[in-house]
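Opening the notebook on a new model today. I want to go from the overall fold down to a few strands and the core.

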Amino acid sequence: MQTREIIQDTHREPAVEGVLIEFKDVYKSYGDNKVLNGINFSINKGENLVILGKSGSGKSVTVKCLVGLTKVDSGEIIVFGKDITKLNEDGLNSVRMKIGFLFQSAALYDSMTVRQNLVFTLQHHNKKLTEAQMESYVMDALKNVGLLESIDKFPAELSGGMKKRIGLARALIIQPEIMIYDEPTGGLDTITAREIIDLISEIKIKYKTTSIIITHDLTCAKYNSDRIIVLKDGVVKTEGRFRDIENNTDEWVRSFFEK
Ligand SMILES: Nc1ncnc2c1ncn2[C@@H]1O[C@H](COP(=O)(O)OP(=O)(O)OP(=O)(O)O)[C@@H](O)[C@H]1O
């Protein structure tokens with residue numbers, strides 16, 4: 001039987017205003033592969049939750065279920081007070097409109113400049129904006145990631161770190177309430193990774209987002225998490241703050257911290 005260890009934290013002041021996302025007994029299998037095996041966790045408004053887990057432990061599937069890209073077998077996923085497993089495509093789209101994604105690859109359109117990439121997202125999101133309003137949104141988003149000077153560049157002219165920043169600007173331009181970061185520091189050198197980590201911290205403060213961060217990078221987990229959940233065998237094996245997880249004596253949990 002799976003045991004779930006809840007690490008009590010008696011010293012922390014609650015910096016949150018209620019639950020925004022809740023997974024209740026969520027199951028998802030692909031054939032015989034039981035990926036989510038009764039997963040339970042919640043995320044408070046304004047909280048950054050890091051999901052840790054070995055490769056194939058279901059981190060991406062969890063996030064795909066959250067945005068309705070993958071249908072669960074059973075269970076509930078409450079987002080903004082609604083069970084998204086019961087929503088039709090229109091209902092799901094209106095939830096997705098409030099969620100920003102930073103994909104591992106940044107997923108920019110190569111044939112478009114940075115400006116065009118951002119305008120394209122805005123047009124898809126809000127068809128009523130004037131050109132002047134769109135330009136102002138684009139400039140603001142680029143300023144916030146420190147890349148205004150790249151506005152007329154094509155993705156091929158940008159470094160990996162710059163692409164991540166543009167990916168971030170594109171996610172933020174829709175002013176999301178929830179941000180999902182999939183391996184935000186993946187493939188970056190230590191210094192560039194640290195810049196992205198700092199940016200994620202700034203975004204939390206500036207945009208007051210609630211975030212899910214999937215990462216293997218313990219530095220990112222340390223600096224960007226209010227709380228961490230660790231997935232194993234389709235359930236939440238343990239949860240707590242970074243230092244609680246780091247000090248966990250369970251051999252399997254310790255293996256995350258051994259080089
Ligand atoms: N569409 C799919 N069809 C069949 N199996 C799938 C599908 N999507 C995911 N899986 C399986 O679900 C399991 C969990 O995959 P998932 O991508 O969530 O892992 P992960 O924890 O994000 O891994 P990584 O850290 O390597 O990205 C894997 O065994 C994977 O093969």
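My entries follow, whole chain before details.

**Ground rules.** I'm working on a predicted model, where local features need pLDDT of at least 70, side-chain atom pairs count only at pLDDT 80 or more, and totals for chains, interfaces and linings use all residues. I number residues from 1 along each chain as its sequence is written.

**Whole chain.** I counted 9 helices and 11 strands in the protein chain; helices (H or I, at least four residues) and strands (E, at least two) are DSSP runs, numbered from the N terminus. I took the extent of the C-alpha trace along its principal axes and got about 55 × 45 × 40 Å.

**Burial and contacts.** I find 37% of the 259 residues buried (20 or more other C-beta atoms within 10 Å of a residue's own, with C-beta atoms placed from the backbone). Taking contacts between residues at least 6 apart in sequence, 66% join residues at least 24 apart; a contact means C-beta atoms, placed from the backbone, within 7 Å.

**Core.** Which residues touch the most other members of the largest nonpolar core? I get I51, I77, A141 and A169, out of 58 residues. Helix α6 (residues 190-207) gives the largest share, 6 residues. My core is a set of buried Ala, Val, Leu, Ile, Met, Phe, Trp, Tyr and Cys residues joined through C-beta atoms within 7 Å. I then looked up A141: beyond its neighbours within four places in sequence, it is in contact with L118, A169, L172 and I173.

**Four-strand sheet.** I traced an open sheet in the order β3-β2-β5-β6, with antiparallel pairing (strands pair if DSSP finds at least two bridges between them). β3 (33-44) and β6 (82-83) are at the edges with a single partner strand each, so one side of each lacks a neighbour in the sheet. Further in, β2 (residues 19-30) and β5 (residues 74-79) are joined by 5 bridges, and K24 has E76 as its bridge partner in β5.

**Hairpin.** β10 (residues 227-232) runs antiparallel to β11, also with 5 bridges. L231 is bridged to V236 in β11. There are 2 residues between the strands, and D233 has a positive phi near 50 degrees. Is β11 (residues 235-240) mostly covered or mostly exposed? Mostly covered: 5 of its 6 residues are buried.

Terms used:
A residue is buried if 20 or more other C-beta atoms lie within 10 Å of its own, exposed if 12 or fewer, and partly exposed in between; C-beta atoms are placed from the backbone. Two residues are in contact if their C-beta atoms, placed from the backbone, lie within 7 Å.
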